[in-house]
Amino acid sequence: MLTVPGQDQGAPADPAQAPGRAAAPDLKPGGAPAPGPRPGRVSAPDLKPGGAPAPGPKPEDAAAPAPAPAPAPAPDPGSDSGPGPRPARIAVVGGGPGGLYAAALLKRQDPAREITVWERNAPSDTFGFGVVLSDETLGGIRDADPVVYEALRRELVRWDDIDVVHRGHRTTSTGHGFAALGRRRLLELLHARCADLGVRLRFRTEAPPAAVLAGGHDLVIAADGVHSHTRETHAAHFRPRITTHRCRYIWLAADFPFEAFRFEIAETEYGVMQLHAYPYSTDSSTVIVEMREEVWRAAGFHELDEAESTARCAKIFAEALGGRELRANNSTWTAFRTVANARWSHGNTVLIGDAAHTAHFSIGSGTKLAVEDAVALAAAVAAHPDLDEALTAYETERRPVVESTQRAAGASLRWFEELAGHVDRPPRRFAFDLLTRSRRVTHANLRLRDPAFTAAVEADFGCPPGTPPMFTPFRLRGLTLRNRVVVSPMDLYVAEDGVPGDFHLVHLGSRALGGAGLVMTEMVCVSPEGRITPGCAGLWTDGQAEAWSRIADFVHTQSPGTALGVQLGHSGRKGSTRRMWEGIDQPLPDGNWPLVAASPLPYRAGVNQTPAALDRAGLTAVREQFTAAAHRAARSGFDLLELHCAHGYLLSSFLSPLTNHRTDAYGGDLTARLRYPLEVFDAVREAWPADRPMTVRISATDWAEGGTTAADAVAIARAFADYGADAIDVSTGQVVPEEEPAFGRSYQTPYADRIRNELGVPVIAVGAISSWDDVNSLLLAGRADLCALARPHLYDPHWTLHAAAEQEYQGPAAPWPAPYRAGSRRPPTGRRD
């Protein structure tokens with residue numbers, strides 16, 4: 001399990017899933033790691049004579065096991081009777097770090113409280129090896145309870161390096177600042193703290209059901225892990241969503257300290273396997289071995305017991321281990337499960353830690369999130385006399401943080417699931433890709449932490465000295481783009497009878513003056529019936545072409561070096577609707593025109609009209625409309641043409657099995673569904689000048705069951721590339737209204753990444769790319785060749801020039817127009833003293 005700066009190395013969801021938990025630094029962009037030893041060195045715990053924590057009573061003796069309260073009629077945790085004021089009696093279900101720390105903090109707040117922790121295992125039982133804690137998490141512990149912080153501080157080992165071993169090359173990145181200790185030692189410290197404070201610790205005892213505890217306690221804290229009985233018992237209220245993922249992994253240990261956080265892959269006859277390892281003491285390291293389910297089965301691990309699996313893993317990664325053995329601790333192969341809940345509290349019962357949420361261990365979330373939950377819950381209880389208000393405040397504070405972590409963890413998890421598609425990258429690019437996989441760590445982070453490593457990656461990419469990756473040129477056919485920034489197509493809905501006017505001139509002209517390498521029009525429709533709304537622009541008349549010529553002339557004259565691209569499309573079944581701000585996808589109140597599509601399926605049944613399925617004559621007519629529009633686009637002076645085959649519009653409706661139910665030659669399997677879009681592409685490519693590039697926008701997934709998959713997207717991209725597409729513009733969704741997209745920062749880029757690196761075809765990445773740091777990171781990692789941004793260019797037409805200024809770049813890839821040069825530096829701000 002690799003942790004990288006900005007990512008927290010954490011545990012699998014619970015001890016039953018996988019022994020060994022960890023969490024790594026959550027260093028923010030620009031944040032310096034805490035001072036530590038020399039990079040690459042593991043430092044010993046700071047245990048000076050007399051500096052160890054007071055021993056105190058043994059945890060198992062902290063409280064004599066008392067009989068469990070007899071089950072008696074009690075209100076359900078969500079009963080209407082409601083909780084009372086600040087809790088005096090508190091029950092904690094689960095004795096992991098989160099439950100123990102919550103108990104300690106709440107007892108420290110009010111020594112008069114009666115707090116009991118139920119733990120089904122013995123105090124000496126632990127399924128873990130090492131825990132890596134971030135400086136941020138340690139800071140929260142320090143502020144909440146200095147005693148626990150000081151005890152932890154004396155136990156921690158620190159190191160700075162990450163080693164990535166890839167096809168015999170070891171690439172080291174430094175400056176990351178990790179701190180770790182053994183999980184067993186962490187629990188011992190928390191047991192001692194709870195005992196010192198007077199918390200009752202009931203080991204080897206199953207907790208009574210939450211409904212019973214709720215009747216005799218003011219607050220019940222369910223810290224009972226990913227398989228939480230509390231959560232499952234009250235699933236109708238918590239509404240959990242549990243997703244099982246595609247890799248198997250096992251947590252093991254080595255009896256020596258790695259000098260760095262090590263990530264290493266083994267490309268075996270069965271498939272790719274990966275090792276994640278890090279030290280947690282001066283003589284021990286955690287080692288995790290992970291692989292796809294199908295690789296795990298092909299290698300026969302499903303037939304091996306714990307000892308056999310451990311020995312086999314040691315043999316596969318013998319070089320990393322120096323020939324030494326691995327050891328297990330109730331270690332089993334498991335698949336990670338992501339847990340999310342619609343609600344975290346139910347009456348006077350609240351979920352924390354893995355019971356409430358999990359995030360993949362590769363960004364280190366288990367222990368980190370559980371401890372931070374405990375801190376936030378205790379603070380909320382202290383700040384709000386009413387328990388309802390306290391639990392609401394706790395969830396309100398923590399949910400955004402957790403969901404952000406889960407989005408990052410999801411990106412990291414998917415990267416590891418698709419690791420086989422990344423291994424062909426050169427060693428340094430592979431390492432950079434790995435380090436930035438979750439998008440929490442970026443190019444800018446790494447330039448601060450390890451400028452030498454980042455400079456080497458930039459040199460490999462081809463960046464001239466002092467030139468950020470986004471300002472390196474890129475060639476498509478006969479067109480050389482001066483930088484990698486694209487103004488994404490954005491529908492404006494302000495054309496009159498398809499004619500672009502002054503608004504288009506100012507919109508596109510200002511973005512061209514703003515420095516982007518390529519500025520794209522909105523979807524330009526090939527016929528009146530192919531419009532989305534009455535305000536859509538077109539290219540079905542010569543008058544429209546002349547209006548576009550005016551815009552192209554302005555761009556080429558006033559912003560030399562900026563390329564102008566046209567996106568041609570047909571609305572299909574999503575046409576004849578109101579302008580976006582009048583009611584998106586809603587039909588016109590009057591004046592509707594007939595629609596056509598691959599199949600007679602309305603976009604929204606009972607809302608949108610049912611389109612006619614295109615017959616042979618209709619297919620031919622539409623293809624000729626695209627061809628005529630392409631001729632006009634060429635005469636108008638556009639530099640690039642993009643064919644719109646995404647977002648549920650006409651050509652997209654042929655590609656998706658959810659919208660193409662045809663039984664003729666244009667329906668059925670993917671090859672047949674591709675036939676008509678490829679015929680249109682072929683006709684347009686023939687009409688478009690041979691030296692000018694042509695791209696295709698696709699929806700790489702429909703985000704809906706039974707729709708286009710990522711594998712389908714690769715096949716679609718391959719087909720268009722074989723027909724002559726110069727690049728694939730990789731978007732997703734908007735094909736069916738019942739879609740469930742997984743929104744998040746740069747959330748569509750994994751699809752572009754897969755297409756680019758599986759096919760070797762250039763790709764344009766799009767979708768919630770919001771910063772120049774994101775652009776640089778995506779390019780250097782090899783996930784995209786160009787990055788298209790929409791909303792950032794609505795917010796700031798000069799986004800590209802400002803990105804250059806903020807990076808102190810002055811060069812040919814981002815020239816300021818002569819009238820604007822006085823503004824090429826950020827204006828000074830007012831005094832702050």
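Predicted model: local features only at pLDDT ≥ 70, side-chain atom pairs only at ≥ 80, totals over all residues.
Residues are numbered from 1 along each chain as its sequence is written, and side-chain values use heavy atoms, with hydrogens and water left out.

**The second largest pocket**

Begin by selecting P489, M580, H647, Q734 and R791, which are the closest to the centre of the second largest pocket among the 48 residues that line it. A pocket here is an open set of points on a 1 Å grid over the protein atoms alone, where a 1.4 Å probe fits and protein lies on both sides within 12 Å along at least five of seven lines, and lining residues have an atom within 4 Å of a point. The space in this pocket comes to about 1300 Å³, a volume being the space filled by probe spheres set on the points, which are joined across faces, edges and corners.

Next, colour β21 (518-525), α18 (580-583), β29 (786-789) and α25 (791-795), each of which supplies at least two residues of the lining; helices (H or I, at least four residues) and strands (E, at least two) are DSSP runs numbered from the N terminus. The element that gives the most to this lining is α25, with three residues. By residue class the lining divides into 25 nonpolar, 14 polar and nine charged residues, where Ala, Val, Leu, Ile, Met, Phe, Trp, Tyr, Cys and Pro count as nonpolar, Asp, Glu, Lys and Arg as charged, and the others, Gly among them, as polar.

Stay on Q734, whose phi is near 65°, a positive value in a residue other than glycine. Q734 is found in the loop between β27 and α23, and it is partly exposed at a relative accessible area of 37%; buried means under 20% relative accessible area, exposed over 50%, and partly exposed in between (1.4 Å probe, protein chains only). For another positive phi in a residue other than glycine, select W703, where the angle is near 55°. W703 belongs to the loop between β26 (694-699) and α22 (710-722) and is buried, with a relative accessible area of 15%.

**Salt bridges**

The model holds 43 salt bridges, each defined by a side-chain nitrogen of Lys or Arg within 4 Å of a carboxyl oxygen of Asp or Glu. Select R745 and D774, whose side chains meet in one of them at 2.8 Å, N to O. This pair links distant parts of the chain, with R745 in the loop between β27 (727-731) and α23 and D774 in helix α24 (residues 772-780), 29 residues apart. R745 is partly exposed at 34%, whereas D774 is buried at 4% relative accessibility.

Move to R425 and D753, which form a salt bridge at 2.6 Å, N to O. Here R425 lies in the loop between α12 and α13 and D753 in helix α23 (residues 749-759), 328 residues apart, and both residues are buried.

The loop between α12 (387-417) and α13 (427-435) also holds E418, which is paired with R292 of strand β13 (residues 284-292), 126 residues apart. Finally, select E136, K368, E372, D373 and R398 together to display a network of salt bridges.

**Aromatic rings**

Of the 25 aromatic pairs in the structure, take W159 and F261, whose ring centres are 6.4 Å apart with planes at 25°, so the pair is stacked. Rings of Phe, Tyr and Trp (its six-membered ring) pair if their centres lie within 6.5 Å, and planes under 30 degrees apart count as stacked, over 60 as edge-to-face and the rest as tilted. W159 lies in strand β4 (residues 157-159) and F261 in strand β11 (residues 261-268), so the pair ties together parts that are 102 residues apart in sequence. W159 is buried at 0%, and F261 is buried at 0% as well.

Another pair to select is W415 and F416, which is edge-to-face at 5.3 Å centre to centre and 90° between the planes, with both residues buried.

End with charges over rings, which require NZ of Lys or CZ of Arg within 6 Å of the ring centre and within 35 degrees of the ring normal. The charged end of R531 sits over the ring of W593 at 4.4 Å from its centre, and R312 lies over the face of F301 at 5.1 Å from the ring centre.
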